[in-house]
Amino acid sequence: MHTPFEIYWISLDSIDSRDLDFQVSSEKDDSALKRSVESLGLINPPLVQEKGGGMHRIISGFRRVAVCRSLDMRRIQAMIVDPLTPHQECAMLAVAENAGQRELGLLEMSRALALIGPGIPWQDRVSMIMDALFLDEAPNQRYMEQVESLCSMAPEIQAGVEDATIAFPVALKLQAMAPGEALAFAEVFRRLGLSLGKQREILTLVKEIAARDDLSCKDVLESAEISAFLEDKDRDLNLKSREVREFLKQRRFPHITKAQEAFETEVQGLNLPKGVRLEPPAHFEGQVYELKFSFKNVNDLIKNHNVIIEVAEKPGLRKILDR
Amino acid sequence: MTSTLKNVHTLYVDQDVRDFDTVQPILDHFKGVPCHIVDGPTPVFRRVASAKDPISAAKEILYLTRNKGAFVRKCPGTREYTCCGYQILHIGTFCTMDCSYCVLQAYFHPPVLQFFVNHRELFDELDQVLDSRNPEIRRIGTGEFTDSMIWEPWSGLSHKLVERFGRQDHAVLELKSKTVNIRGLDQLDHNRKTIMAWSVNTPEIIATQERNTAPLQARLAAAAKCEAWGYPLAFHFDPMVIYPGCEQDYVKVVEQIFEHVSPENVAWISLGTFRFMPDLKAIIETRFENSKIVYGEFVPGLDNKMRYFKPLRIKLFQAMAAALKKHAPQTTAYFCMEDEEVWRKSFQITPDLPALLDHSAQRVCGIL
Ligand code: SF4
């Protein structure tokens, strides 16, 4: 493929910036680009194609055109692709132009993949993808298809992936849900800014509570308690996130959390010597408790020699052990 | 409706068993069903594994083969929980019914509905085991890797086993089922050495989690018939599922059992709450979309299976212990895989479980 184009001066008014068919780039802070165009002019002309009626569609250079408009420029130089160039060829140019300039973000990659041979069998498509993205090896089909699906997800989920408040694996899970459910999760994740592990934890807890109680996930996520945590202006994000997770755990495992709390209260009532900890059997399943204390050296250990007796004689201990 | 093997739509027969005298009656029964002679299990595995839902597919493909290993095996208990010392008679694997909680879904990779047809070897081994009068082998059952009765009436194996056990007095055979395939059992010389056992659950759990099994009423009616034919009985509340109102429902099942049968003919009643290997969770979520059973309060057990939080198990067991004490005070009740704390808090004892069950078998079935 060798697409012919020529460089001409064209009026900015003849460029249809609402035609986003070939857009790959995500919106970003353009101030650096703006400064550069102001001082040096537009060094790298955008790639456009005539679309009839004297208008042009952008193939590559959406941000450059936007910057020139914001600087009140009237005319710019543009590389004009032959109007008969097929759509797929223009798409390849759009992707290659972007991929050649920088490493594409996940959403940009998604748009790029959606442009390259949609609907064509993978074995025919893979070489087009390799060419347009300058790849040496064939990429993993399943992963590429997952990435491609991103740009057809709800804008809120795309935005979450873009600003890293929704992890990509979580976005894929949201995509499989009913739209209302997915958006309810997206809203909470975007407000809390959680790690992947914590997003997964919330996803599982909410889904299981909803399934158990015949509710929707949206009902659970929009409960009065969670709304109150999210709205509270006095809490920082870490605290909000902890409280939301603890609330959900308590709702999902009411008896287990209650038993843990009761155990902690009872252990506090024992007034254990400083640095000594009593731990219950894991998940209260086994029957073996652990008593832990630390020491630095032999003298320290000797000083602590009667810790066990002291703890064993605590009046409340038997009640704890006889649960 | 109980599904036995009516849904089988393909048969595979291992080349080296095709001439066994046990095979032809089975082929006659499945006349019209496509049958492939194969050289080993690979084509069956492939066929099952390539299905969209291999577990469902495996319930419709019957593989007749030979058991190359031991027929009598010790039930795999774990050190951490009290085990009952049961012996498994390995007659086949998998099942045509479809319970959400069925461990067999995650146990075999892929699952295969296979029936072992080398019965001559089976009975030779069984003769040896029974003649040895090994004191550790007093209770033998076929319902561990399959349901005991789905293979009836066309295999005739259970009937032969009932009569074989009837000719000795050292051990009992337990046939455990969720079907009501009891036709012909009245004609057999069982000598009370076969215990007809049913897994029971609340009508709610049967309706929502046990596809293609017989309803509770039908199981109890079948049990009553077997009792009338002189068979000792057993009931297994396993898995018990915790849900709102479950205690009253399970207690009601206890009451219903003893409206149908008398306690003195019941060799034992086992209790076990739902527990599962972590891998089973995703299988249940995928295959039983409306099932809520994996959303209980589970914790990892000492055997790495997920179990209900212990105080919840104990609460349900205490309600059952009270109901059993009321309706069948002399009947042996036991826990399947629980620790001594659960025993103590529910039944106020920590028994030698194998001895307790052997003693029950002696009392109810007359083994020596
Ligand atoms: S009846 Fe038993 S073996 Fe059959 S599916 Fe149900 S649990 Fe599994």
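Which pocket is the space taken by the ligand? The ligand takes up the space of the largest pocket. The legends below describe a predicted model.

**View 1. The ligand and the residues of chain B that surround it.** Three cysteines, B:Cys95, B:Cys99 and B:Cys102, belong to the surroundings of the ligand. The space that the ligand takes is the largest pocket.

**View 2. An open sheet of 3 strands in chain B.** The strands follow the order E15-E17-E16, and their pairing is antiparallel. Strand E15 (275-276) and strand E16 (298-300) of chain B are the edge strands, each pairing on one side only.

**View 3. The pairing of E15(B) with E17(B).** Strand E17 of chain B covers residues 306-308. E15(B) and E17(B) run antiparallel and are joined by 2 bridges. B:Phe276 has B:Met306, in E17(B), as its bridge partner.

**View 4. Chain A, its secondary structure and its dimensions.** Chain A contains 17 helices and 7 strands. Along the principal axes, its C-alpha atoms fill a box of roughly 95 × 50 × 45 Å. The radius of gyration of chain A is 30 Å, whereas a compact globule of 323 residues would have one near 20 Å. Of the 323 residues in chain A, 41% are buried.

Conventions. Residues are numbered from 1 along each chain as its sequence is written. Chains are lettered from A and ligands numbered from 1 in the order in which they are written. This is a predicted model: local features need pLDDT of at least 70, side-chain atom pairs count only at pLDDT 80 or more; totals for chains, interfaces and linings use all residues. Side-chain values use heavy atoms; hydrogens and water are left out. Two strands pair if DSSP finds at least two bridges between them. Helices (H or I, at least four residues) and strands (E, at least two) are DSSP runs, numbered from the N terminus. A residue is near a molecule or strand if one of its heavy atoms lies within 4 Å of it. On a 1 Å grid over the protein atoms alone, a cavity is a set of points where a 1.4 Å probe fits but cannot get out, and a pocket is an open set with protein on both sides within 12 Å along at least five of seven lines; lining residues have an atom within 4 Å of a point. A molecule sits in a cavity or pocket if more than half of its atoms lie within 2 Å of its grid points. The radius of gyration is taken over C-alpha atoms; the globule rule is 2.2 Å times the number of residues to the power 0.38. Buried means under 20% relative accessible area, exposed over 50%, partly exposed in between (1.4 Å probe, protein chains only).
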